[in-house]
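Good morning, and thank you for joining this meeting. I would ask you to keep the structure in view while I go through it.

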Amino acid sequence: MITVIDYKAGNLTSVLKTLKHLGAEAIVTDGDLSLVESAERIVLPGVGHFAATQRLDATGLTGAIRAAIARGVPFLGICVGMQWLYAGSTEAPQQPGLGCFVESCTRFAESSEKVPHVGWNSLAVRNGSRLLKNVEPGEFVYFTHSYKGPVTSDTAAVTHYIEPFAAAVERGNVMGVQFHPEKSGETGLKILRNFLEWETN
Amino acid sequence: MLTKRIIACLDVHAGRVVKGVQFVDLIDAGDPATQAARHAREGADEIVLLDITATHEGRQTLLDTVRRTALELFVPFCVGGGIKSARDAEQVFEAGADKVSINSAALADPFLISAIGASFGAQAVVVAIDARRDPEAADPVREAQVFVHGGRKPVGRRVVEWACEAEDRGAGEILLTSMDADGTRAGFDCELTAAVSEAVSIPVIASGGAGTVAHFADVFSRGKAHAALAASVFHFGVSTSRSLKEELAEAGVPVRLPC
């Protein structure tokens with residue numbers, strides 16, 4: 001059973017529909033901690049403002065997710081769900097993230113390019129990524145965001161827009177993607193399939 | 001590298017895809033779900049479904065169409081037409097849309113833009129603007145008259161000032177249709193598109209007038225568009241997004257290939 005976390009940050013329909021298409025059984029919770037405690041996998045979607053993650057703290061989901069991750073439950077954060085894995089974001093400086101990754105997310109630097117970064121951009125995948133297994137150099141995924149995580153040793157894929165940023169992070173059972181795999185055609189389906197097939201070592 | 005998006009647009013009337021010239025003389029062009037899936041398979045980067053004659057009775061038909069279309073679609077999916085309230089938008093999102101496009105309702109009640117954005121994020125709100133150059137204005141392009149979708153009377157707004165207000169209120173993208181060019185297959189209005197794109201920091205989707213590959217290349221360079229929408233060019237087997245993108249790639253336009 002996949003537990004999909006609802007913290008009222010956008011629409012879950014696309015993610016649920018895609019998980020179902022891939023044969024996964026998903027259940028949604030906006031605060032039932034037992035569904036996090038019994039989860040075989042956890043997906044945290046989310047679009048919009050980083051401040052919305054405050055609801056995860058208010059409902060106790062933050063602690064339950066932290067415990068599940070510590071137990072080795074595979075976790076995938078999507079978009080703001082990935083940003084939440086960091087210490088925080090300059091979008092809502094008062095709101096802490098989970099802190100799995102010590103860095104913070106920041107807004108794209110001012111430039112002549114448009115912000116938000118919207119559209120299909122390519123991935124440069126680091127060797128050994130399990131989440132991005134079989135994703136070939138230059139495959140495209142769909143982004144829509146104004147904030148992003150920095151490139152570090154935990155970065156699983158780098159994308160260039162204004163500057164290089166973390167398109168995906170991966171450390172053990174903790175994974176995040178800045179793009180929307182549920183909206184990224186065959187490449188996105190492949191990545192979600194990798195997550196669904198991810199097995200604890 | 002961020003690529004230029006080719007967006008397949010399906011104008012839908014009473015649950016069927018239709019195509020008209022300058023919003024009249026509609027021709028049947030198939031089933032929306034089938035057409036959307038085909039466009040995605042053939043390389044479209046995004047699908048827009050515009051319910052062009054939305055009526056109260058037609059809402060349920062539209063929601064059913066959206067649900068059916070979204071089911072097997074794994075690229076961004078935008079739905080417009082007849083969305084008058086945050087509740088209407090919510091129903092369309094629940095049916096499986098990723099974005100809504102609002103036009104006349106945003107003009108009538110600009111707060112709707114931020115109301116939808118607050119619940120679903122700015123990326124989910126596309127403000128559609130239909131504009132026609134105003135030859136009597138000091139700047140006929142920047143001061144192009146804004147029309148209600150499909151309407152015949154200008155609403156008293158000018159294209160650049162309205163696009164800027166839409167951005168300020170939290171629109172995620174602008175879908176700009178040139179009513180002069182729409183349906184002519186004679187090319188996009190690049191001056192109009194560039195005027196809006198230069199005035200806002202959000203992406204601008206150009207619409208109206210696509211007929212040849214060169215038209216797309218032109219609106220991406222001269223028109224400064226981030227995406228281009230096409231309907232008639234894809235119908236009746238004229239061309240696919242993939243072949244269009246292959247030709248654009250040869251012309252040096254960054255596009256998602258292979259797709």
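Strands β12 and β13 of chain A form a hairpin with two residues between them, and Gly172(A) in the turn has a positive phi of about 60°. Strands here are DSSP runs of E of at least two residues, helices are runs of H or I of at least four, and both are numbered from the N terminus. This is a predicted model, in which local features need pLDDT of at least 70, side-chain atom pairs count only at pLDDT 80 or more, and totals for chains, interfaces and linings use all residues. Residues are numbered from 1 along each chain as its sequence is written, while chains are lettered from A and ligands numbered from 1 in the order in which they are written.

β12(A), residues 163-171, pairs with β13(A) in the antiparallel sense over four bridges; two strands count as paired if DSSP finds at least two bridges between them. Glu170(A) has Met175(A) in β13(A) as its bridge partner. β13(A), residues 174-177, is also joined by four bridges to β4(A), residues 75-78, and these two run parallel. There, Gly77(A) is bridged to Gly176(A).

Which sheet do these strands belong to? It is an open sheet of eight strands with mixed pairing, in the order β2-β1-β3-β4-β13-β12-β11-β8 in chain A. Its edge strands are β2 (26-29) and β8 (124-125) of chain A, each pairing on one side only. β8(A) meets β11(A), residues 155-161, in an antiparallel pairing over two bridges, with Val125(A) partnered by Ala157(A).

Let us turn to where the chains touch. The contact takes 27 residues from chain A and 26 residues from chain B, where contact means C-beta atoms, placed from the backbone, within 7 Å. On the chain A side, β7(A) gives the most, with six residues.

Finally, chain B. Helices α6(B), residues 159-168, and α7(B), residues 190-199, pack at an angle of about 35° with their axes 9 Å apart; axes are lines fitted to C-alpha atoms over the stretch in contact, and angles run from 0 to 180 degrees between N-to-C directions. Which residues of α6(B) meet α7(B)? They are Val159(B), Val160(B), Ala163(B) and Cys164(B), which face Leu192(B), Ala195(B), Val196(B) and Ala199(B).

Ile47(B) touches several residues, including Leu10(B), His39(B) and Phe77(B), not counting residues up to four places away in sequence.

Methods
Contact = placed C-beta atoms within 7 Å.
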